[in-house]
There are 2 protein chains.
Amino acid sequence: MRQAGRSLPEYRKAREGTTMMEACRNPELVCEITMQPVRRYGTDAAIFFSDIVVPLAAVGIDVDIVPGVGPVVAEPLRTEADVDRLRNLDPCDVGYVTEAIGLLTAELGDIPLIGFAGAPFTLASYLIEGGPSKDHSKTKALMRSRPDVWHALAGRLAAICGEFLRVQIEAGASAVQLFDSWAGALSEAHYRRFALPHSTAALTGLAESVPRIHFGVGTGHLLEAMTETGAEVIGVDFRTPLDEAAARLPDKALQGNLDPAAILADDEPLLAETDEVLRAGRAAKGHIFNLGHGVLPHSDPGKLKLVVDRVHETTRR
Amino acid sequence: MRQAGRSLPEYRKAREGTTMMEACRNPELVCEITMQPVRRYGTDAAIFFSDIVVPLAAVGIDVDIVPGVGPVVAEPLRTEADVDRLRNLDPCDVGYVTEAIGLLTAELGDIPLIGFAGAPFTLASYLIEGGPSKDHSKTKALMRSRPDVWHALAGRLAAICGEFLRVQIEAGASAVQLFDSWAGALSEAHYRRFALPHSTAALTGLAESVPRIHFGVGTGHLLEAMTETGAEVIGVDFRTPLDEAAARLPDKALQGNLDPAAILADDEPLLAETDEVLRAGRAAKGHIFNLGHGVLPHSDPGKLKLVVDRVHETTRR
C-alpha cells in the first residue's frame, strides 16, 4: 500500500523536523519508515520509502517537495538547451538508496522489498510544468509542437529512471514498480506515441532479474498499451474491475484495486468491497491485493489492518 | 465550448469588479458574456453563462465561488437533518435566469442556446466535501456507510437540478446539458447504484421538449451506463476516440472531443487533431464538435477561432 505511512502516527513522529527530501536521503530513516507499515499491518511485502523526484534531485535538478503541494521545480525544463543539461544518473549519486536497501533486506528477511521509480512521462510533466498540474498543458504543448525536444527529454528520463531501478535491484529489491501517475491524462494514441516507448526503455534490461510492475491512475483506456512495456504485472485502479481487466490482459498478473476511499467507510461495506476485489482477482493470472491508488491521509490505520487481515484470512484458507 | 469566456479579454473586462455569483445573477451581464464567444468565434450554438452551484445558492445554501479554488460551501451537508433542510427550487428563486434567457433568445435569433445544470452526484460532492475534492472521500464514505442519507440528498438534488433545467427550457433554451463533472471518480457499479438513478430523475420529464446532452470527464468506463439516463447526446472527453464511442453507443449523438490542451500547440498539430476529431465523429449517429472539456484559461482566442473555422470549412463543404 503506497503512501501507507502518511496515515500512521509513528510515521509523523519519525518525520518530525525532517523535510521529505532529507528523509529520502537518510538510510536509517528510510529503513524505519519502510518497516512501519510492515510491522503494523503484517503485509506480505514492503514498499521502499522514497519519492519519484529523488533521482531527479540526484542528477542536480533543483526540486523540492512542498508539503500540501508536491514536487516544485525551481527552473522548469522546456527547451533543447534545458534537455542537454540533464545528465544521466550514476549509482554513486544515490549511495543512500543502496545503503537503505542493505539495511532493509537485513531486517525484512524473507519479506520481499518492492523498489520503484516514476515513469518518464510523469517525471517530464513535473519538469516541464514546474510542479503538479491538472491539465499538463505545457507538457502536451511541447509534445505536440516540438516532438523532437519531447523525445530527447523523455529519453534521458528513461535512462535515469532505468538506472534508478537497477540500483535498487542490485542493492536487493525483489521487484520494482514503475509509476506513471499521470499517464491517464493521455489518449491511447498519444500514450503510444509519447510515453510508451520511454517507459519500455526504462524497463528493458531489467527483465529476467526481478518482476516488474507497471501502474497508472485513470488508465482503464491504456491497459493493453501498458502491457507492451514488458511489465509482468499491471496495476489497475478501482475504476476497472479486476475480472474485466483479467479478460483484457489474460497473460498478466494484476495488482489492485480497492478504492482508497473505501477505507473511510464503515466496516461492513469496506469488507464487502475487499471480498469483491478478492473474488474478481481470482480471474487474473496472478493477483497482488492492493489499494487502487495511494492511502488517503485521513485513513484510520485500524481499517487498513482490518483489510489486511481479511485478505490473509481469505487467501490463506 | 464551455468556459470559453475565461480566455477572452472582453470577458475579463465585463467581469471586472463583479464576483462570479453576482455575474450569474445579472441578466444583462449573463447575456453579454454568453454572446461574447458567439460573436468572436461564430459558433453554431451558445452556452448559457452560469455555474452549477447557482441553483444551490438559489435555495439558500451558503456557497461562494472562490477565484482559483472553486465553489466553497460554508456549512457542508452530511447528516439526515442537513438533508431535511434542503428545499426544492422554485422558478421564482431564479427569475434572473428566465430574464437572461429572454434577452438572449432575442439576441441569438436562430442560433440555439444550450442551458445546463450540474448532475446530482457532482453537486452532492461539493455539498458534502465543502468544496472541490480530488478523492471525494467524504462523499464516498457517506454513500457506502449511509446509503439512505446519500439517496435522500441526491434525490433532493435531482429535483433541484431538474427544475433548474425546466426553467431554462421554458425561458427558451433549445437544448440542455447535464454536467456530471466528477462521475469519472466512480466505478461503474457505484455509478449505477449511487449516481445514475438521480441523473435519470433529473432528466426525466424534460424528454420530448428539447434534446438532452449528458457529459462527464474521465468517464470512458461509464459511457454505456450514462446513456441510461435517457439523454439523446453523450459528451465524450478526449480520452475516448469518437469512432470507438460511436461503436459502443450506436444510438446516440456524440459531443466532443478535442483535447483542450491541443489549443496550446502549434497550428499544424492543432489542425491535424481537429481533422481527426471530425473524421472520427463521422462514425457517430450525430456529432456536435466541441472540446473534450472546458477551455483552459491560457488559451489563445486566435487558436480557438482557427479551430471553429476549420470545423465550418470542413462541415459546410
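Helix α13 of chain B, residues 267–281, lies across strands β8 (253–258) and β9 of chain B and runs at about 165° to β8(B). Here helices (H or I, at least four residues) and strands (E, at least two) are DSSP runs numbered from the N terminus, while axes are lines fitted to C-alpha atoms, for helices over the stretch in contact, with angles from 0 to 180 degrees between N-to-C directions. The model is predicted, so that local features need pLDDT of at least 70 and side-chain atom pairs count only at pLDDT 80 or more, whereas totals for chains, interfaces and linings use all residues. Residues are numbered from 1 along each chain as its sequence is written, and chains are lettered from A and ligands numbered from 1 in the order in which they are written.

The sheet of chain B is open and has seven strands in the order β1-β4-β5-β6-β7-β8-β9, with parallel pairing; two strands count as paired if DSSP finds at least two bridges between them. Its edge strands, each pairing on one side only, are β1 (46–47) and β9 (287–291) of chain B. Strands β4 (residues 113–118) and β5 (residues 175–180) of chain B pair in the parallel sense over five bridges, and within β5(B) it is V176(B) that stands opposite G115(B). Helix α6 (residues 95–108) of chain B packs on the sheet by touching β1 and β4 of chain B, and its direction makes about 150° with that of β4(B).

| Helix of chain B | Residues | Angle |
|---|---|---|
| α6(B) | 95–108 | about 150° with β4(B) |
| α13(B) | 267–281 | about 165° to β8(B) |

Chain A is divided into domain 1 (5–235) and domain 2 (257–317), the bounds coming from an automatic or database domain assignment. The C-alpha centres of these two domains of chain A lie 24 Å apart. Nine residues from domain 1 of chain A and nine residues from domain 2 of chain A take part in their contact, where residues are in contact if their C-beta atoms, placed from the backbone, lie within 7 Å.

Between the chains, 23 residues of chain B are in contact with 22 residues of chain A. Helix α8 (residues 137–145) of chain B supplies the largest share of the chain B side, five residues.

Key. Contact = placed C-beta atoms within 7 Å.
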